[in-house]
Amino acid sequence: MSTHNSFDEQFEFTGKVKTYSLAAIAVGVITILAGFLTGAGERTFANLLLMGYYFACVCMAGVFFCALQYVAQAGWSASLIRVPQAFAKTLPFAATLLLVIILCGLYFTHKTTLEPGGEEVVAPYLYKLWALAGVTTPGNPHFDPIITGKSVFLNRPFFITRLIVFMGSYAIFGWLLVKYSEGEDELGGMFYYRKSFTISCLFLVIFGFTTPIFAFDAIMSLEAHWFSTMFGWYNFAAMWVSCLAIITLTIIWLRTQGYMQWISQDHLHNLGQLMFGFSIFWTYVWFAQFLLIYYANIPEETVYFVRRWEPEFKPWFWLNIVINFLAPLLVIMSRDSKRKTNILAITCGILIVGHWLDYFMMIMPGTVRATSHWYTEISVLEIGIFVGFVGLFIFTTLNALSKFKSIIPKKHPFLQESLHHHI
Amino acid sequence: MSSTKYILGIFDDPDELMHGIDKLQKNSVPIYDVYSPCPIHGIDAKLGIKDSRLGYAAFMFGCLGGTIMFSMVYYMLVHDWPINIGGKNAFAIPDFVPVTFEWTVLWTAFGMTFTFFFATHLFPGRAPRVMDLRATNDKFIIAIDAKGNTPHADITNLLKEAGAVEVKHNDRKYVSYE
């Protein structure tokens, strides 16, 4: 059945998609420049952080996907593993980009207010609540006892070190997994598979314990007075669902371009099941975080949801639940819809935009705050930067994919199982 | 007139069993059913078995369980005996979600299990009806309704040719009634 597939087929990154992705990057760059030139610096930085974080998260979830397949000794995914491997290959770039955005946000300052209507201070563009100069010095007009209590953890050197160590280690594991898989193509046998298994186990332990802290650092510390222990898992669910949606969409697109013809409805069905299941998981953790805060009703905790319940953010708050929970629940619950490529592709699109909105709801109400109307919360700036990063993502990952000598790991020990996958 | 009710082709290997099914179908011998101790890939399509509708039953039961629990909590906490909990409204929907969710899951699981028992004529304590006990252990069995499928000797030969280790002519359908 699969004998007429060429396993030496290499992905060629040319044509329309290359042009369009470069055009999208140009749109993004112009929007960023326009954002800074029109004085919307803080909002531009918040958007850069959003997309930089989204980009890095999708790439690290790509490493997670690969590691998960090795640890579970899963066979079905062997023939599509090059796609998440391409994401893993892009992680060093994405991590560097996020680091640059965060460092610029920390070290460039501008005049702003800490609270709406408060006095003007010269504060960093990002993390102004805890990174403001003098915030931990007693006697300073900006002294903040809560932040001072957290400053053992939330201080610039330790914060930056954590980001570098975490993302650096994920990138190293991703690089090793890709290297082993490419070595396997040359050598065959079980040697590299066993090595991949071992480092995947190690990676999952490290990843599981550090991603919550990574989410606390990158996103939760924007509102440094508030904390939630569910936040890390909530972010993990978001990155995992969005990564699955992007993997699925990439595979569907590659199939329309004539690549990966060995991928059948059964593989897409599996990916659809994962997307469906983890959308429910996302809702579960989202609600777990909400319910405890709602039920305990302690002011320093509820303030988080009060900001998201302002009339400017309320429609987006509800839309977030509708498109990230109800849409996958109702659309891809049945077996038939998971096996229809068009429906699956539409659901992927909904989830990719949906988790952008999810990150938007995590970041904007605490940084940019409410503007004038709910419909001005998402403006040309948000859309332009989103388009720019989509272009950047497509360009970098497809470029990484085209660097593989073959688009299938041709000597993967479970390859035959994957080619004859049937559910 | 022969007293044989069912002809059983007993195989050691699922691949040979699949081969046997092909042979019987080529000779237009209708197959009553196939029994196997483990799932065999692709056998549903080969025998023309429709997709299971168990998922729809599970969905219905889930909806039913969620609705019952939501109505129950509503009746208790809003209608019959409102209690002031932390100054919140009596009808505080987020509070209702965990139990509603749990009952949705519980009813889905139980509903699916009982639907499966009902459809397969099983229940704890009931002796299962099987045509040959070894189909639950290490043998793969094709059952052919003997009535109207003649001559029996030809079917026996077909099965033997396909690799059946044994062919049985049973006078009764099941070997184990309770």
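Which residue follows helix 9 of chain A with a positive phi? The views below start there. This is a predicted model, in which local features need pLDDT of at least 70, side-chain atom pairs count only at pLDDT 80 or more, and totals for chains, interfaces and linings use all residues. Residues are numbered from 1 along each chain as its sequence is written, while chains are lettered from A and ligands numbered from 1 in the order in which they are written.

**View 1. Helix 9 of chain A and the residue after it.** Asn297(A) follows helix 9 of chain A, and its phi is positive, near 60 degrees. Helices (H or I, at least four residues) and strands (E, at least two) are DSSP runs, numbered from the N terminus. Helix 9 of chain A covers residues 265-296, which is 32 residues. At 1.5 Å a residue they should span 46 Å, and the end C-alpha atoms are 46 Å apart, which agrees. The expected span is 1.5 Å times one less than the number of residues.

**View 2. The buried residues of helix 9 of chain A.** They are His267(A), Leu268(A), Leu271(A), Gly272(A), Met275(A), Phe276(A), Phe278(A), Ser279(A), Trp282(A) and Trp286(A). A residue is buried if 20 or more other C-beta atoms lie within 10 Å of its own, exposed if 12 or fewer, and partly exposed in between, with C-beta atoms placed from the backbone. What covers these buried residues includes helix 8 (231-256), helix 11 (314-331), helix 12 (335-338) and helix 13 (341-367) of chain A.

**View 3. Helix 9 against helix 13 in chain A.** The two helices pack at an angle of about 35 degrees, with their axes 11 Å apart. Axes are lines fitted to C-alpha atoms, for helices over the stretch in contact, and angles run from 0 to 180 degrees between N-to-C directions. The crossing of helix 9 and helix 13 of chain A is left-handed. That term applies if the near helix is turned anticlockwise from the far one by less than a right angle; clockwise is right-handed. From helix 9 of chain A, Leu268(A), Gly272(A), Met275(A) and Ser279(A) meet Thr341(A), Leu344(A), Thr347(A) and Leu351(A) of helix 13. Two residues are in contact if their C-beta atoms, placed from the backbone, lie within 7 Å. By class, this contact of helix 9 with helix 13 of chain A has 4 nonpolar, 4 polar and no charged residues. Ala, Val, Leu, Ile, Met, Phe, Trp, Tyr, Cys and Pro count as nonpolar, Asp, Glu, Lys and Arg as charged, and the others, Gly among them, as polar.

**View 4. Helix 2 of chain A.** Helix 2 of chain A runs over residues 41-71. Its 31 residues should span 45 Å at 1.5 Å a residue; the end C-alpha atoms are 44 Å apart, which agrees. Of the 31 residues, 28 are buried, so helix 2 of chain A is largely enclosed by the rest of the structure.

**View 5. The loop between helix 2 and helix 3 of chain A.** Gln73(A) lies in this loop, just after helix 2. Its phi is near 50 degrees, a positive value in a residue other than glycine. Gln73(A) is exposed, with 11 other C-beta atoms within 10 Å.

**View 6. Helix 2 against helix 3 in chain A.** Here the helices pack at an angle of about 150 degrees, with axes 7 Å apart. That makes helix 2 of chain A roughly antiparallel to helix 3 of chain A. Angles under 35 degrees count as roughly parallel, over 145 as roughly antiparallel, 65 to 115 as roughly perpendicular and the rest as oblique. The crossing of helix 2 and helix 3 of chain A is left-handed. Their contact holds 22 nonpolar, 5 polar and no charged residues.

**View 7. Helix 3 against helix 6 in chain A.** The axes of helix 3 (residues 82-107) and helix 6 (residues 156-187) of chain A come within 8 Å and cross at roughly 165 degrees. The two helices are therefore roughly antiparallel to each other. Helix 3 of chain A passes helix 6 of chain A in a left-handed crossing. Contact residues include Leu99(A) and Ile102(A) of helix 3 and Met167(A) and Tyr170(A) of helix 6. The contact divides into 14 nonpolar, 3 polar and 2 charged residues.

**View 8. Ala162(B) in chain B.** Ala162(B) lies in helix 5 (residues 152-162) of chain B. It is partly exposed, with 19 other C-beta atoms within 10 Å. Leaving aside neighbours within four places in sequence, Ala162(B) is in contact with Glu16(B), His19(B), Gly20(B) and Lys23(B).
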